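Reader: Hi! Could you walk me through this one? I'd like to go bit by bit.

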Amino acid sequence: MSSQAWIFVVSEDVNLIGELVSAARRLNRDGDLSIAAVVVGDSTAIPLTGTQGVDRIYRIEKPPEGCLVEDLFDTLWELVNQQKPAYVLIGATTSGRLICGRLAARLDVSAITDVRSFDLLDDGLTARHMIFAGGAERLERPLRLPVLMSVARGQFEAEAVQNPKTPEVIDLPFLVPEKRSVLRERMDLPAVSVNLADAKRVVCLGRGIARQEDLVLAENLARELGAEIACTRPLSEGLGWLPRERYIGISGAYIKSDLYIGLGVSGQVQHTVGITDVKVIVAVNRDPDAPIFKQADYGIAADLYQVLPALIEAIRAG
Amino acid sequence: MNIIVCLKIAPDPEDLQIGSDGSVSTTHAGWTIGSFDLPALEAGVRLTEMYGGKVIALSVGPSAINQSKVRKDILSRGAEELVLVVDEALQDASTAETARVLATAIQKIENVQLVLFGEGSADLYFQQTGVQVGERLGWVSLNAIRDIRVIEADKLQVQRVLEQEIQVIEVPLPAALSVTSDICEPRLASMREILRASRKPVLEWSLADLGIESLPASVEILAVQAPPRTARRGIILDGSVEEAATMLVNILKKDGVL
């Protein structure tokens, strides 16, 4: 076996390991590579589910008090230097993105982030990922080894392997970096009020809503429809009218509901990238030239303050 | 404390032209500061207003980034200086090349303890460059920062947002931080600041000025294509608002989504 015969999958979130292993198995189409999962935590407590089909598991011990989980980087770096993997796949969580970027810098490679798909061709790997806020996809070929990619949750399905082999488990110490930040406190985020990705119907508010108190009008419609309320980024991050988990778009939620009704949504690409998988898109905007109409199945070019009560009325009458 | 804020100047994703064959053109797109970078600039300016020092804005890219409108936009939002590293080799630079050039430029600027980045660039949104620059500088490098306070001359206290928790972290300086887009609301430039902007210094460097002789690509870009889109019907419902609403409800029922 050559010195570059490994695929590493790395995530501080063990729940992502199964999906990453799935992606790694596709990279190992010819079966000539070995797969190693790099996990972190209390070595006796790490659930090793999802590691089916891996040849080796590296368990980095849990971070000492005051260390960030990303400080595992020094241990990982030593391991990467030693094993020289051909591919490194990292779970695209916030921590994963940090680990990925640091690794890319040390290796002088560009990580291919949030990979949507890849192909193994005779002359190497090509991978596809999103650019221009979802307006385009870019097909790239990494020119240097190792190939470093980050993979978002949900891109590859974790799969069970028939007759899985028992992986070799190697425990590694957590090397505390010399220069580091100190974790002083951690607070659980309040439970997320909604998971828009699972909503059947969504009523989405855009800048056409003039006042925060008018949200109640849209809530009335949402109640009639059994829909969740969502919004565009300015209403959440700029105005703070709705929590971040209710905003749809490039850095927010991606939905795949049956129905989406946009109220006063103009249809900027940063937003509409989040609704491409919706079955039926309805747009209400008083500007007949609003770009949202080009991407909608049905449109009403009128003032949402007039359409809202009429729509509620029509649903009740129907 | 002098703070460098790195900004990506790129074609506005709103101005993309998608051809019928799925081709993507930026030829007619206006170049602007990335919308995720403006909160980083604002956060930097607020820190200097509270603790002294100045903000130096830094951007790298092809000659298209060097436009008076963009320069004025940056300098009217509170940056005191602007450094542009302009070279056509940066046209399709991926994160490794961009991070290398930024890190080299930062080392050339004196007395900098903190470098801020936005959450991701408006055109690529890989969320990598800030982290890579920090690592290349050998500084502490963190992402997802939503609050920054100076607690000692060489120490910050920051809040960081992960998927399920908020962390309070002490960060030794120098550091490179990527901030979230809700860290603060970018200001609108006042008339006074817009007038003052044209008198602020703009430095233009080439790769040669940074001692970078060649910038080999780390990835080859094979194709840029609009993703396949679900075909939409694009039916505008006419008539009075009441008629349109009734029509819509009937159609949605027929489509089986109500």
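Author: Happy to. Let's start with a proline: Pro174(B) sits in the loop between strand 11 (165–172) and strand 12 (175–179) of chain B. Helices (H or I, at least four residues) and strands (E, at least two) are DSSP runs, numbered from the N terminus.

Reader: And the peptide bond from Leu173(B) to Pro174(B), is it cis or trans?

Author: That bond is cis, with omega near 5°.

Reader: Before we go on, what sort of model is this, and how is it numbered?

Author: This is a predicted model, where local features need pLDDT of at least 70, side-chain atom pairs count only at pLDDT 80 or more, and totals for chains, interfaces and linings use all residues. Residues are numbered from 1 along each chain as its sequence is written, chains are lettered from A and ligands numbered from 1 in the order in which they are written, and side-chain values use heavy atoms, with hydrogens and water left out.

Reader: Thanks! What joins Leu145(A) and Pro146(A)?

Author: A cis peptide bond, with omega about -5°. Pro146(A) lies in the loop between strand 7 (136–142) and strand 8 (147–151) of chain A.

Reader: Switching to backbone angles: what is phi of Asn111(B)?

Author: It is near 60°, a positive value in a residue other than glycine. Asn111(B) is found in the loop between helix 3 (95–108) and strand 8 (112–117) of chain B.

Reader: Is Asn111(B) buried or exposed?

Author: Exposed, with a relative accessible area of 59%. Buried means under 20% relative accessible area, exposed over 50%, and partly exposed in between (1.4 Å probe, protein chains only).

Reader: What about Ala144(B), where is that?

Author: Ala144(B) is in strand 9 (residues 140–152) of chain B. Its phi is positive too, about 60°, although Ala144(B) is not a glycine. Ala144(B) is buried, with a relative accessible area of 15%.

Reader: Now helices. How does the span of helix 6 of chain B work out?

Author: Helix 6 (residues 241–254) of chain B has 14 residues and should span 20 Å at 1.5 Å a residue; its end C-alpha atoms are 20 Å apart, which agrees. The expected span is 1.5 Å times one less than the number of residues.

Reader: Which residues of helix 6 of chain B are buried?

Author: Val241(B), Ala244(B), Ala245(B), Leu248(B), Val249(B), Ile251(B) and Leu252(B). They cover an arc of only 165° around the axis, so they lie on the same side of helix 6 of chain B. The arc is that of the directions from the helix axis to the C-beta atoms. On the other side of helix 6, Glu242(B) and Lys254(B) are exposed.

Reader: What do those buried residues of helix 6 of chain B pack against?

Author: Elements of chain A: strand 13 (259–263), strand 14 (280–284), strand 15 (298–300) and helix 7 (304–317). Contact here means heavy atoms within 4.5 Å.

Reader: Nice, and what follows helix 6 of chain B?

Author: Gly256(B), whose phi is positive, near 75°.
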